[in-house]
Amino acid sequence: MTGVLTTSGRRAAGVVLGAFLCAATVEAVALAQPRDAPGAPRDDSARAARSYRAGVDAAREGRWQEAYAAYLEAWGLKQHFQIAANLARAELKLGKHRDAAEHISFFLREAEGVSGLGRCSTRPRRASPRSRWS
């Protein structure tokens with residue numbers, strides 16, 4: 001049956017949703033580095049920051065394909081937990097669930113500055129031992 005989520009599918013969707021709620025609580029991390037001097041080696045961090053910001057702008061406007069392309073470029077230049085979380089969000093919007101799961105996994109392993117409470121919200125919750133109807 002198309003469109004029906006299994007229990008494990010719902011659990012995975014809950015983990016992903018929780019991760020994004022957690023990511024929303026993370027304070028902004030400065031990805032940009034100081035501008036290079038002329039003739040200095042190329043700074044991939046600065047390029048990653050520009051691509052990341054382009055992805056954020058596109059996502060705000062609902063242009064998910066553009067956001068995905070920008071986040072993917074940033075990810076190729078610098079693998080950072082914040083880029084991973086936003087890339088996963090774009091992947092979810094585009095139906096790339098497996099890729100999104102991999103980037104959420106990276107986010108959960110590498111996230112810095114996420115409170116213990118924020119990390120708890122990313123884990124799947126078990127059903128209450130009592131029935132919700134009792």
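These legends describe close-up views of a predicted model. Residues are numbered from 1 along each chain as its sequence is written, and side-chain values use heavy atoms, with hydrogens and water left out. Because the model is predicted, local features need pLDDT of at least 70 and side-chain atom pairs count only at pLDDT 80 or more, while totals for chains, interfaces and linings use all residues.

**View 1. The chain as a set of helices.** The secondary structure comes to 6 helices and 0 strands, where helices (H or I, at least four residues) and strands (E, at least two) are DSSP runs numbered from the N terminus. Along the sequence the pattern reads α-α-α-α-α-α. Of the 134 residues, 34% count as buried (under 20% relative accessible area; exposed is over 50%, partly exposed in between; 1.4 Å probe, protein chains only).

**View 2. Helix H3 and what covers its buried residues.** H3 has 14 residues and reaches 20 Å from its first C-alpha to its last, close to the 20 Å expected at 1.5 Å a residue (the expected span is 1.5 Å times one less than the number of residues). Its buried residues are Trp64, Ala67, Tyr68, Ala70, Tyr71, Ala74 and Trp75. The elements covering them include H2, H4 and H5, contact meaning heavy atoms within 4.5 Å.

**View 3. Packing of H3 against H4.** The axes of H3 (residues 64-77) and H4 (residues 81-93) come within 9 Å and cross at roughly 145°; axes are lines fitted to C-alpha atoms, for helices over the stretch in contact, and angles run from 0 to 180 degrees between N-to-C directions. On the H3 side, Trp64, Tyr68, Tyr71, Leu72, Ala74 and Trp75 take part, meeting H4 residues that include Ile83, Leu87 and Ala90. By class, this contact has 10 nonpolar, 1 polar and 3 charged residues (Ala, Val, Leu, Ile, Met, Phe, Trp, Tyr, Cys and Pro count as nonpolar, Asp, Glu, Lys and Arg as charged, and the others, Gly among them, as polar).

**View 4. The largest nonpolar core.** This core has 20 residues, of which Tyr52, Ala67, Tyr71 and Trp75 touch the most other members. Helices H2 (44-60), H3, H4 and H5 (97-110) each supply at least two of its residues. A nonpolar core is a set of buried Ala, Val, Leu, Ile, Met, Phe, Trp, Tyr and Cys residues joined through side-chain atoms within 4.5 Å.

**View 5. Lys78 in the loop between H3 and H4.** Lys78 is partly exposed, with a relative accessible area of 23%. Lys78 and Ala46 are 32 residues apart in sequence and 9.5 Å apart in space, C-alpha to C-alpha.
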